[in-house]
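I opened this entry to keep a careful record of what I looked up, one topic at a time.

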Amino acid sequence: MINFIKKIRRIDIIAFFVVLVISIILLRSFNLQYTEYERYAGFKEKIEIKHYPIKTSRGSIVDRNNNVLAESIQMHSLIISDTSSLLKDSKAIEKVKKLCVILDMNFIVFLKKLKKRGNTKYTRFKEGRYLPSKTIEKILELNLDGIYFEKEFQRYYPEGEVTASLIGMLKEDKNEMFGQMGLEKSFNKMLKEEHGEKIVMIDKDRKIVNQLRVVNTPKEGKKLTLTIDTRLQYVAYRELKKQAIKVNAKSGSVVILDTTNGDILAVANYPSYDPNNRRTYTPARARNRAIIDSLEPASTIKPFLLAAALHSKKVKLKYEYNTGPGRREIDGKEYTDTTNNGILTAQDIVVKSSNIGSIMMLEKFDNKIYYDLLEYVGIGEIIGINFPSETEGQLEHYTDWKKLGQNSHAIGYAFKTSPLQLAKAYSVIANEGFVINPRIEKDKITYKNKQPKYKNSFSKIKNIVLQKVIEDGTGKKAKIDGYTVGGKTGTGRLHIKKEGYDSKNHISLFAGIVPLSLPKLVIVVVIDQPQTKTHGGSDIAAPVFNKIATDSLRILNVSPDKISDYQKNVLNNIKNNYTLKTLEVPYVL
Amino acid sequence: MSNFKIYIIGLLIVGNLAVSLGIVWVEHINRAQYRKLQEFTNQKYKLRNDWKKVRIEEGIYASHSRIENKAQNLLNMSLPKKRKLITLND
């Protein structure tokens with residue numbers, strides 16, 4: 001024995017162990033391959049190699065101060081992957097009943113739904129979508145077989161009805177979300193996300209065991225920053241809604257434009273809907289009337305008529321016209337003023353908004369000059385802010401005016417403009433001839449002409465005429481204490497196709513610039529078909545302008561450019577008494 | 001067969017086994033790491049989602065309409081009348 005041990009070399013020992021290890025491995029392999037084959041083959045069968053989506057979110061929409069206007073939030077939806085496992089025995093059915101209670105569904109209706117879908121492997125259903133985390137936890141506690149949760153993104157609009165007609169909303173088509181209307185539609189390409197895809201191994205619980213490769217890398221949608229100021233948008237919508245309800249109007253719009261750079265600060269429309277609740281949606285409520293509807297601007301166009309007249313050099317501000325007796329038949333049609341204004345200067349024709357005077361003024365100079373000016377300020381030309389169905393308005397060539405009624409053009413009829421186009425036109429007056437194209441996308445380079453046209457005419461209109469409209473004319477209700485305001489009222493008759501102009505239904509308008517000394521804002525207010533005795537722009541639209549402008553100037557910290565009446569009294573007191581103690585100063589800002 | 005050849009064959013067998021076990025081990029490590037990566041990715045998305053929710057919540061709480069409503073109804077605040085306002089210019 002000792003001899004035998006002595007004969008064993010070290011190599012033999014190593015060889016022995018190597019053979020032993022190999023034998024163990026072979027034995028285990030044999031074991032796995034044959035004895036326990038069924039068990040491990042079962043495991044393998046349950047692991048699937050699948051194309052798995054990598055979901056990402058749509059781009060958000062924010063206002064100029066980075067406040068959220070639309071955002072996609074990741075939620076989870078319940079998917080039934082295997083109906084037979086879900087309803088395999090009585091215990092499982094009991095659990096499904098509990099699931100129905102959690103999701104507030106009728107068990108029998110749910111079963112019918114499942115039966116209807118038949119052998120569809122992955123069944124979605126309405127009640128199982130966008131579940132809150134607490135509900136998911138409750139469902140997970142049930143430990144159900146044949147279900148899983150899938151990532152989905154739900155779009156939220158925190159400003160609700162205030163921005164609804166501008167932002168729009170999404171629609172679902174073949175499990176993909178697209179912009180259905182508003183900016184969601186026009187900027188869809190930019191906002192749209194690109195889901196990725198990877199090839200993975202998943203186990204029976206749909207857990208990813210391993211990733212084999214990424215087929216497509218996901219791309220998140222880009223963020224869209226608007227020029228809108230949510231604070232001003234809210235003020236505009238609040239005042240518009242209040243007035244529209246008060247006067248029982250059919251609809252209304254407000255546009256606020258920054259005259260210094262063309263930024264659209266607010267576009268409010270009434271009626272509106274809540275984009276977070278699709279039930280409130282109707283096409284009429286979703287309509288962005290300020291951008292896609294065109295209307296006849298009525299008397300709000302008269303400052304442009306006077307500007308053209310001044311430019312022609314055939315009319316001066318002090319030229320006089322006899323507009324009496326306030327009712328006159330011209331070219332077979334009767335035109336009226338609200339009162340008999342008698343003899344009016346060219347300037348007062350705009351201040352008092354005389355239709356007869358305007359017609360007389362247009363007769364004094366060439367239509368081409370008026371047409372060129374209207375074209376220059378953007379009437380009848382699409383602005384191109386990238387909004388679906390944006391209107392280009394309507395302005396026929398001046399050679400066709402005689403057919404359409406030349407006189408109508410003098411008083412703001414026979415051509416059409418959207419409230420936004422009207423705001424742009426007034427911004428040209430505010431900038432004394434410079435044209436700045438409005439923009440909705442922040443930091444987008446917008447058109448601005450280098451040399452202003454009609455500078456002298458617009459300067460006179462802005463500094464003399466529009467201010468006088470507010471001080472002595474039809475726009476008294478737009479007057480703001482502490483600020484110089486310029487503007488023009490308008491009252492248009494509603495034009496119904498085939499029937500002509502309706503004498504009962506009107507559109508009340510007001511377009512204003514504030515502060516006039518260093519213009520910052522142009523605000524256009526349109527109230528459609530107010531059901532009140534007085535329907536003029538001076539009574540219906542001008543007060544809305546006043547409230548919106550007052551709040552907007554305060555929010556934007558625009559310094560007053562005029563001493564207010566109260567301040568005048570206080571200053572007089574200071575001069576007279578030389579002591580502050582005697583003053584009653586309730587608020588000092 | 002010379003001893004050298006036996007050594008080589010033995011070495012190859014052992015090497016073969018080691019490589020096989022190594023592959024299994026690396027595969028295991030790979031899966032474990034992937035699971036970890038998935039966990040972190042999910043955490044990243046969850047945090048980003050929470051951030052979005054917080055921003056929306058902030059927007060709702062700080063909304064003009066809500067502040068106005070609270071100021072008027074809860075604190076009985078109101079804007080001073082225009083005639084009582086004095087603005088001090090620079």
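Before anything else I wrote down how elements are named: helices (H or I, at least four residues) and strands (E, at least two) are DSSP runs, numbered from the N terminus. With that in hand I located A:Ala414, whose place is in the loop between α19 (406-410) and α20 of chain A.

I noted that this is a predicted model, in which local features need pLDDT of at least 70 and side-chain atom pairs count only at pLDDT 80 or more, while totals for chains, interfaces and linings use all residues. Residues are numbered from 1 along each chain as its sequence is written, and chains are lettered from A and ligands numbered from 1 in the order in which they are written.

**Entry 1: residues with a positive phi**

I stayed with A:Ala414, which is not a glycine and yet has a positive phi of about 70°. Is A:Ala414 buried or exposed? A:Ala414 has 20 C-beta neighbours inside 10 Å, so it counts as buried.

I then looked up A:Tyr130, a residue other than glycine with a positive phi near 45°, and found it in the loop between α6 (107-117) and α7 (133-141) of chain A. A:Tyr130 is partly exposed, because 14 other C-beta atoms lie within 10 Å.

**Entry 2: chain A as a whole**

I counted up chain A from its record of elements and have 24 helices and 19 strands. Its C-alpha atoms fill a box of roughly 145 × 65 × 55 Å, taken along the principal axes.

Among the contacts in chain A between residues at least 6 apart in sequence, 69% join residues at least 24 apart.

**Entry 3: two domains of chain A**

Chain A is divided into domain 1 (52-225) and domain 2 (230-274 + 289-567), with bounds that come from an automatic or database domain assignment. The centres of the two domains, taken over C-alpha atoms, are separated by 48 Å. How many residues does the contact take from each domain? I wrote down 17 residues from domain 1 and 13 residues from domain 2. On the side of domain 1 that touches domain 2, α8 (164-167) and α9 (182-186) each supply at least two residues.

**Entry 4: a helix crossing**

I next followed helix α20 (residues 419-430) and helix α21 (residues 455-471) of chain A, whose axes come within 8 Å and cross at roughly 95°; axes are lines fitted to C-alpha atoms, for helices over the stretch in contact, and angles run from 0 to 180 degrees between N-to-C directions. The contact is made by A:Val428, A:Ile429 and A:Ala430 of α20(A) and by A:Phe458, A:Ile461 and A:Lys462 of α21(A).

**Entry 5: buried places in chain A**

A:Gln243 is in helix α11 (residues 230-246) of chain A and is buried, with 23 other C-beta atoms within 10 Å. Not counting residues up to four places away in sequence, A:Gln243 touches A:Ile527 and A:Val544. I also saw that A:Gln243 and A:Pro530 are 287 residues apart along the chain, while their C-alpha atoms are separated by 9.4 Å.

In helix α17 (residues 367-376) of chain A, the residues A:Ile369, A:Tyr370, A:Tyr371, A:Leu373 and A:Leu374 are buried, and what covers them includes α14 (302-312) and α16 (355-363). Just after α17(A), A:Gly378 takes a positive phi of about 100°.

**Entry 6: cis peptide bonds**

The peptide bond from A:Tyr270 to A:Pro271 is cis, with omega near 0°, and A:Pro271 lies in the loop between β11 (264-270) and α12 (283-286) of chain A. The bond from A:Val514 to A:Pro515 is also cis, with omega near -20°.

**Entry 7: chain B**

Chain B has two helices and one strand, running α-α-β from the N terminus on. Its radius of gyration is 36 Å, well over the 12 Å that the globule rule gives for 90 residues, so chain B is more spread out than a compact globule. Of its 90 residues, 0% count as buried.

Terms used: Two residues are in contact if their C-beta atoms, placed from the backbone, lie within 7 Å. A residue is buried if 20 or more other C-beta atoms lie within 10 Å of its own, exposed if 12 or fewer, and partly exposed in between; C-beta atoms are placed from the backbone. The radius of gyration is taken over C-alpha atoms; the globule rule is 2.2 Å times the number of residues to the power 0.38.
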